[in-house]
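Please read the report below alongside the sequence and the model.

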Amino acid sequence: MPLRLIEGDITAQAVDAVVNAANSTLLGGRGVDGAIHAKGGPAILAECRRLRQTRLPDGLPAGQAVATTAGVLSARWVIHTVGPVFSRREDRSALLHSCYRASLEMALQLGARSIAFPLISAGAYGWPISDAVTIALAELRAAPAQLDVRLVLFGERIFDIARQAWDRPLDAAPSA
Ligand code: ADP
């Protein structure tokens with residue numbers, strides 16, 4: 001199934017799994033994280049707390065993914081992944097690639113047939129939008145064919161940047 005780019009709010013997507021751009025505490029934050037907990041209700045945070053008390057006492061490392069209930073969202077699962085904070089001194093892009101891969105893998109393990117991603121690390125974690133889009137598209141275009149995959153861009157400006165990257169031939173150099 002082809003990847004779809006959508007402008008909008010990830011919490012409004014009718015999909016099996018919604019990906020959360022979480023932080024490693026798994027205890028909530030702003031941006032996508034705040035929106036998912038606000039709309040999904042307290043069951044999500046309760047399960048995150050249980051994960052911290054059991055499998056993940058030190059939190060979820062960047063680049064990895066873990067699933068919980070989606071509470072009262074229409075999705076069945078939230079897949080929490082922790083993007084790397086952008087750094088000019090250190091190339092952390094392998095971790096950002098890993099977030100998409102680990103989340104797709106988790107979706108397959110759960111038996112999800114559809115999944116919506118936000119643009120991981122491109123908000124509070126400071127990743128330059130066009131670079132974040134390039135990484136997201138590289139990974140999501142290679143997603144397993146049985147998955148219906150959506151990349152949800154928040155706001156017209158970010159959607160337009162993604163749209164342009166999408167239309168660019170794959171071997172063209174990315175523009176700044
Ligand atoms: P991170 O901490 O990984 O940078 P953020 O949640 O701060 O994550 O931002 C990631 C991206 O998600 C940004 O492009 C931000 O504009 C976007 N975003 C924020 N809220 C939503 C939402 N409700 N739905 C979809 N995308 C959102």
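Among contacts in the protein between residues at least 6 apart in sequence, what percentage join residues at least 24 apart? The share is 67%, where contact means heavy atoms within 4.5 Å.

This is a predicted model, in which local features need pLDDT of at least 70 and side-chain atom pairs count only at pLDDT 80 or more, while totals for chains, interfaces and linings use all residues. Residues are numbered from 1 along each chain as its sequence is written, and side-chain values use heavy atoms, with hydrogens and water left out.

The protein has 5 helices and 6 strands; helices (H or I, at least four residues) and strands (E, at least two) are DSSP runs, numbered from the N terminus. Their order from the N terminus is β-β-α-α-β-β-α-β-α-β-α. Some overall values follow.

| Property of the protein | Value |
|---|---|
| Box filled by the C-alpha atoms, along the principal axes | roughly 45 × 35 × 25 Å |

Of the 176 residues, 47% count as buried, which means under 20% relative accessible area with a 1.4 Å probe, protein chains only.

One residue can be followed in detail. W77 lies in strand β4, which covers residues 77–82. W77 is buried because its relative accessible area is 13%. Leaving aside residues up to four places away in sequence, W77 touches D16, A17, V18, T68, T69, A70, L110 and A112. W77 and S93 are 16 residues apart in sequence, and their C-alpha atoms are 26 Å apart in space.

Key: Buried < 20%, exposed > 50% of the residue type's maximum accessible area, 1.4 Å probe, protein only.
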